[in-house]
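Have the sequence and the model open as you read.

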2 protein chains.
Amino acid sequence: MNDQTAPAKDPKPSDSYVQSFARGLEVIRSFSASAPQQTLSEVAAQTGLTRAGARRILLTLQTLGYVETDGRQFRLTPRILDLGFAYLSSLPIWNLAEPVMEDLVEEVRESSSAAVLDGLDIVYVLRVPTHKIMRTNLGVGSRLPACWTSMGRVLLAALPDEELQQRLEAHTLQRWTEHTATDVPTLLARIRQARQQGWCLVNQELEEGLISIAAPLTNRTGQTVAALNISGQANRTSAEVMQETMLPALLKAARTISRMMGAPR
Amino acid sequence: MNDQTAPAKDPKPSDSYVQSFARGLEVIRSFSASAPQQTLSEVAAQTGLTRAGARRILLTLQTLGYVETDGRQFRLTPRILDLGFAYLSSLPIWNLAEPVMEDLVEEVRESSSAAVLDGLDIVYVLRVPTHKIMRTNLGVGSRLPACWTSMGRVLLAALPDEELQQRLEAHTLQRWTEHTATDVPTLLARIRQARQQGWCLVNQELEEGLISIAAPLTNRTGQTVAALNISGQANRTSAEVMQETMLPALLKAARTISRMMGAPR
């Protein structure tokens, strides 16, 4: 993710064009678990659009088959998934990593996921759950703050130090549990440690009971393009056990996937 | 899916607005496994846009954070997944079905998926793979033709007969294997059988060796909103075994999920 660039400031397409496109995407994003279907007025209220503006966009989305309506309630159609699918299938790891992750889950009997960095969030792109009662409910597309997750720290570790520091300083640091690192120097130290050792363990910094260990996935130019983790419950799997028994399997799986992407041995 | 409506013909937002929004989404969809990153010219060629048009849209998407570039190559960012996530999280089954499906997979030792209908395609929205060597590579967002899949047939079975017939007659019927039903009367008969018995088994009609069995998932108004399946390899699991040993577990899981969505007992 070294080359992840901030949105371009210049040159700009016409503001009105950008704005109308942005609003269309905002309308799509206004649907959620708590608002699975919405009336015209609800969409307008959610997005800050006028009723006329919301109506124009909803009818556009309906014309294109991304929204359907019974006349009063609007909802998204599965066609929306084609957009996310375009992204997922364009990720080199997406077709390669899953069988390796399944073997890893079989071996360590804990869930494994892969994520990429987006600003200061990690976004899940693959997930292989274990068959256990306690599971974390993190599907593809879920976001978590990068600073307090093991995958986030190995992804942040790939940024140049200066950029890393800038991002952290612009970030509102939050205390999630009694273990959360909440100041920039501590976070920086932990991220640099991840960079140095090539993996990272995070013990209940984001959620009590949640423990995970991650390693970077690299491509043929040695760039970190994603992270791979194993996650578990702290009351069942201690940090020591995770590091001693699961880390070798994790590092092996990460190397296998990286080599599939052309990383040098 | 009874109430799935065709895109509105009337009233229309201005054609130029619809068209420019449609083109933006087309640019997103032009990225794929075979084109994970593209130059401006490649995007223009893929979408039929002029270079100037493609440039305007790429810069818009970049301004909004959906596309990133190294100056020459453009690629999608994980932000795209927020759009699909808006759809998935707005599906009532999405949060409810997965634990039930994991129990089902544990019990029958075969993969289970859930899908919805989009025209004459099914679109996968959930998938719980089994840990076996032979697996089908069908992630969330994948599409298959509804006519020759067990989930597709139980979803089509929920359409009124007249609409079903219209959709089938407008469809190009393809022979995928020697078992494929390729004429409308045979397809209609099999879909009506699925409707009558409340489940459907499809034996290698889409791909040699692929066998699956599906049941509908219904909401509180009794509407079929999705389908649940178990899929396996025909050389390992015969149609008889699937029907005798797995169908009861499938129907039980489908009832459990449907009741979670408020379906009457």
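Searching the whole structure turns up five cavities of 30 Å³ or more. A cavity here is a set of points on a 1 Å grid over the protein atoms alone where a 1.4 Å probe fits but cannot get out, while a pocket is an open set with protein on both sides within 12 Å along at least five of seven lines; lining residues have an atom within 4 Å of a point. Grid points are joined across faces, edges and corners, and a volume is the space filled by probe spheres set on the points.

Keep in mind that this is a predicted model, where local features need pLDDT of at least 70 and side-chain atom pairs count only at pLDDT 80 or more, with totals for chains, interfaces and linings using all residues. Residues are numbered from 1 along each chain as its sequence is written, chains are lettered from A in the order in which they are written, and side-chain values use heavy atoms, with hydrogens and water left out.

Here are two of the spaces together. Residue classes are nonpolar (Ala, Val, Leu, Ile, Met, Phe, Trp, Tyr, Cys and Pro), charged (Asp, Glu, Lys and Arg) and polar (the others, Gly among them).

| Space | Volume | Lining by class |
|---|---|---|
| Largest cavity | about 490 Å³ | 18 nonpolar, 10 polar, four charged |
| Second largest pocket | about 580 Å³ | 12 nonpolar, seven polar, five charged |

The largest cavity has 32 lining residues, and A:Arg127, A:Gly139, A:Val140, B:Arg127 and B:Val140 are the closest to its centre. Among the elements that each supply at least two lining residues are strand E5 (121–128) of chain A and strand E5 (121–128) of chain B.

For the second largest pocket, 24 residues form the lining, with A:Pro92, A:Asn219, A:Val225, B:Gln37 and B:Arg75 closest to the centre.

Strands pair if DSSP finds at least two bridges between them. Two bridges link E1(B) to E3(B) (residues 73–76), and B:Gln38 has B:Phe74 as its bridge partner.

Finally, the axes of H2 (40–47) and H3 (51–63) of chain B come within 9 Å and cross at roughly 110 degrees.

Note on methods
Axes fitted to C-alpha atoms, helices over the stretch in contact; angles between N-to-C directions. Helix = DSSP H or I, 4+ residues; strand = E, 2+ residues; numbered from the N terminus.
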